[in-house]
Amino acid sequence: MFESTFYNAIKIIEEIEAKGHRAYIVGGAVRDFLNDRKIHDVDIASSATPTEIQEIFTKVIPVGIEHGTVIVRYNHQSFEVTTFRTETGYTDYRHPDQVEFVRSIYDDLARRDFTINAIAMDKKGKIIDPYSGKLDIERRLIRAVGNPEDRFTEDPLRMLRALRFVSQLDLEVEPATLTAISKQIHLIKHLAIERISVEFEKMLAGANFRTALKLFKELNVWTYFPVLHFDRSLIKCLYDLPISLLKLYECFAYLKMKDDQVDMKQLTKSFKQSKETFRNAEQLVTSLVEYKVDGLSNWLIYKFPESLYESFFRLVKALFHSFVVGDLKARRKHLAIQSRKELAVSGTDIIIWYPDRAKGQWIQTLLNRIEYAVVENQIDNNIDAIKEWVNSCHPPENN
Ligand code: ATP
Ligand code: MG
């Protein structure tokens with residue numbers, strides 16, 4: 001099991017060790033492996049410096065050399081390889097002031113946030129676990145490495161990471177760590193919102209999100225969050241969610257559907273999310289409103305991007321407590337047209353049909369109506385049928 005899960009990582013470690021350095025699997029991969037959970041990416045910590053790693057492997061992407069991190073591409077997989085390091089202070093609450101490369105894995109583990117994340121595994125699967133992280137996984141506890149208050153002052157993001165691990169891993173926060181969070185939570189106001197957003201998104205996505213949200217409420221974490229802090233009812237909406245939402249744009253769309261006063265543009269902006277996040281949220285809301293009125297029409301399926309299907313399913317479940325029945329992809333394939341380009345008529349045809357009319361917005365409006373009628377099977381997609389349909393009962397508008 002260990003060998004097959006970490007096959008490529010073990011190969012990387014062997015190559016690094018062949019050059020006289022040491023290397024271990026660390027972080028979330030070890031935690032998730034010991035916790036019998038699916039492993040996402042595998043991080044490696046090594047005594048080799050980024051330059052030394054660059055000399056060993058052919059494909060190395062220098063993503064954060066100053067922090068000792070490079071990405072090694074190996075057998076079409078990416079591995080973050082980070083030099084053993086310690087950190088001193090986060091004066092700006094964003095980046096460690098100073099990163100110092102060290103020679104021992106023990107010093108590297110000491111800078112990590114929680115005991116469950118401070119375990120290293122060698123190429124044979126033997127663990128180095130100076131803070132009894134394995135025991136904490138068994139006891140189901142999130143415990144800070146070292147003095148929790150100091151660790152949270154150093155980097156307040158760790159408090160939000162604790163909540164997201166509660167949600168993702170169904171663990172409890174150990175009492176002293178929890179007390180420290182309640183004392184230090186105000187420090188999160190100094191954090192960059194982008195860092196906060198990443199943890200918030202992961203917190204909402206976890207299976208145990210409700211327990212995490214309970215802490216979010218009780219520890220007053222929400223009072224330091226944009227938008228949420230001036231509308232407490234939004235927390236209640238989130239708390240009422242019957243399932244977890246995997247993306248922030250799903251959360252924004254959900255809140256908008258629950259409370260029409262919600263301004264999604266402002267939400268997106270205050271969480272410093274991309275324009276794409278806003279567009280996705282907006283697309284979801286438009287479709288959900290249509291779905292509420294007309295159910296799953298051909299038009300909805302036609303207009304809706306496949307990349308958002310899963311989000312749409314989740315939101316239908318979350319908002320209307322129902323399931324989308326049928327295979328949307330198959331239904332989409334069987335629509336009369338797949339895109340506007342496949343329409344049997346174009347603007348040029350319409351101009352020819354109405355030579356006396358000045359060109360204007362009416363052409364687009366008519367094309368939109370034709371497109372809708374074809375998708376909804378009200379007319380066949382052929383030029384004669386469409387012309388007949390327009391002439392007999394759907395003449396163009398005036399402008
Ligand atoms: P995920 O499953 O989301 O990747 P992860 O624990 O691997 O979870 P990462 O952000 O990938 O989280 O970080 C990798 C490791 O780096 C962590 O397990 C932890 O040991 C350490 N780490 C990450 N962020 C911090 C932090 N803010 N303070 C201290 N250690 C951290
Ligand atoms: Mg990770």
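Visitor: Which residue has an N or O atom in its side chain 2.7 Å from a nitrogen atom of ligand 1?

Guide: Happy to show you! That residue is Arg158. Before going further, please note that this is a predicted model, in which local features need pLDDT of at least 70 and side-chain atom pairs count only at pLDDT 80 or more, while totals for chains, interfaces and linings use all residues. Residues are numbered from 1 along each chain as written, chains are lettered from A and ligands numbered from 1 in written order, and side-chain values use heavy atoms, without hydrogens and water.

Arg158 is one of 15 residues around ligand 1, counted when a heavy atom lies within 4 Å of the ligand. Those that come nearest are Arg31, Asn117, Asp155, Arg158 and Arg164. Two of these names return when you look for polar contacts (pairs of N or O atoms within 3.5 Å). In the side chain of Arg31, an N or O atom is 2.7 Å from an oxygen atom of ligand 1. Asn117 takes part through its backbone instead: a polar atom there is 2.9 Å from an oxygen atom of the ligand. On its own, ligand 1 has 580 Å² of accessible area (Shrake-Rupley method, 1.4 Å probe), and the protein covers 79% of that.

To place the site within the whole chain, turn to its domains, whose bounds come from an automatic or database assignment. They are domain 1 (1–139), domain 2 (140–225), domain 3 (242–334) and domain 4 (336–399). Taken over C-alpha atoms, the centres of domain 2 and domain 4 are 56 Å apart.

Definitions and conventions: Polar contact = N/O pair within 3.5 Å; in protein donor to acceptor, adjacent residues only side chain to side chain.
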